[in-house]
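I opened the coordinates to look up a few packing details. My notes follow.

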Amino acid sequence: MKPTRLKIPVFFCMAAMVFAASAGAKPLKVFILCGQSNMEGHAQTRTFPAIAKDPKTTDLYKEMVDADDKPVVCDDVFIAYSYGDFSGNPVGKKSGKLTAGYGSQHHVGTGKIGPEFTFGIYMHKFLNEPVLLIKDAWGGKSLQVDFRPPSGGEVTDEKQKQKAGVYYKLLIDHVKEVLADPKSVYPDYNAKDGYELAGFVWFQGFNDMVGSYPPADPGKGKKGGKDFSEYSRLLACFIRDVRKDLSAPKLPFVIGVLGVGGENVSENAVAFRKAMAAPAGMEEFKGSVANVFTEKYWPTELDEVRAKEGEIKKEFADRQNEIKKLQKSGGDWKKDQEKLNEEIRAKTEKSLTEDELFLLDNGFSNQGFHYYGSAKFFGQIGKAFAEAMMDLEKNGN
C-alpha cells in the first residue's frame, strides 16, 4: 500500500483502519479492552506469589515478572487507559509502557492488574511485534443502560434515559482520540507504517446479571430466574455498532464470559452465561467472535480457604458485634479490635495447614465478585483472551 497522509476527519472514514508505506511494512497492532470493574481489575500484585507456587501457573508467573521477581515492564507494549473512581465515574486517563498498575485506580494497595497485563504480554509474545492497548473500563456499568449501543434502541425506563449509552460514547471517543495521535501514547509509532485495529476484548456482565431483566417464567416470578435474551441482542448490537463506529467491519471480538463463582453457581447465573456467549454462535459472527469461559479459571482453592476462615470467625462473632457497637457509640474500640484480630489469627494458624495459610495471605486482595482480587485468575484469563484472539486471526481475521 502506498504512503497515505490524511487529515483526521477523513482518517476515521477509512473502511479498514490499516495504513502501510510499503508491502513489507507492519502496522502497529492495536487492541481494545472494555468492560466494568473486572476489566478494571482488582488483583493486587501482592497476590503474585500464589501464581508462582502453583506448578500449573509457574510458566505464567515467569512471563509476568523480571529477574528480580518484580512485575515486568514491556518495552514494546504500551497502554492508554481511561478509568473511573470508586463509583465508576470517569475521572482520568493514563498511559505508558505496559506493566502492573493499569488495573483499578482506587484503593490500589500494592498496585493492581486486570486482564490487560498478561493479554499484552502474550499478544506481544505471539505476534513478536509492537502492540498498543486501549483500555476503557468503569466499575458498576451495565450493557442494558450504560454501554447501551446506538442500534439497541431506547430504554423503556424513563429514569434511565439520560444514562443510556453514555459509556458507549466514552469508549468510542477515547479510542478515536488515541488513534488520532498514536505517537502521543506509543512514542516509537511510525506514521508511515500506520496501525491496524486488530481486536476487541469484552469482559463485563455482573451488573446485567443482577439487573432488571424480565422473569423467564412469569408464572414463577423471581423463582423462575430471568430471561436474559435481551442481553444477547444488545451484545450483538454492540459488536455491530463498535465495528461501524470505528470503521472496522471485521474487527475480531473476544467475549470474556462472566465466571464469578466458578462452576458452583445458580441456574440464573448459568442462564446469564449462556446469553452472554450466544452472539458468538450467530451466523454473522462465526469466525470473528469467540468466547472465553472464565469460570474455568475460578480459584476454587480460595473458596475452601475462605470457608475455613469463616468458620473460625463465627466463634468470635459475639465479641466482634460488641466491638462494632462500641465503635458506633464513639467509644475506644481500636485496642479491643487489635486484640481480637490477634486471637483470630492465632486460632487460624492452628487450624489451617501451611499451604492454606499461604493462600490466605497471598491469594486474596478483594471480594468474591471481583474474583477475590486474585492475580492468578486475572493472569490466566488475560492469557486466554490473547490465545482466543490469535485463534481468530488464524481463522482468517
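I started with helix H5, residues 116-127. H5 lies across E1, strand E3 (77-84), E6 and strand E7 (195-203). I read its direction against E6 as about 155 degrees. I kept in mind that this is a predicted model.

Next I checked helix H9. H9 also packs on the sheet, where it touches E7, strand E8 (253-257) and E9. Its direction makes about 180 degrees with that of E8.

Then I turned to the sheet. How many strands does it have, and in which order? I found an open sheet of 7 strands, ordered E4-E3-E6-E1-E7-E8-E9, with mixed pairing. Strand E4 (90-97) and E9 stand at the edges. Each has a single partner strand, so one side of each is left without a neighbour in the sheet. From one strand to the next, the twist averages 15 degrees.

I looked at one pair in detail. Strand E1 (residues 28-35) and strand E6 (residues 131-137) run parallel and are joined by 7 bridges. For Val 30, I noted Leu 132 as the bridge partner in E6.

I went on to Gly 287. It sits in the loop between helix H9 (267-277) and strand E9 (289-293). Is Gly 287 buried, exposed or partly exposed? Its relative accessible area is 35%, so I logged Gly 287 as partly exposed.

Technical notes. Residues numbered from 1 in each chain as written. Predicted model: local features only at pLDDT ≥ 70, side-chain atom pairs only at ≥ 80, totals over all residues. Heavy atoms only, no water. Helix = DSSP H or I, 4+ residues; strand = E, 2+ residues; numbered from the N terminus. Buried < 20%, exposed > 50% of the residue type's maximum accessible area, 1.4 Å probe, protein only. Pairing = 2+ DSSP bridges. Axes fitted to C-alpha atoms, helices over the stretch in contact; angles between N-to-C directions. Contact = heavy atoms within 4.5 Å.
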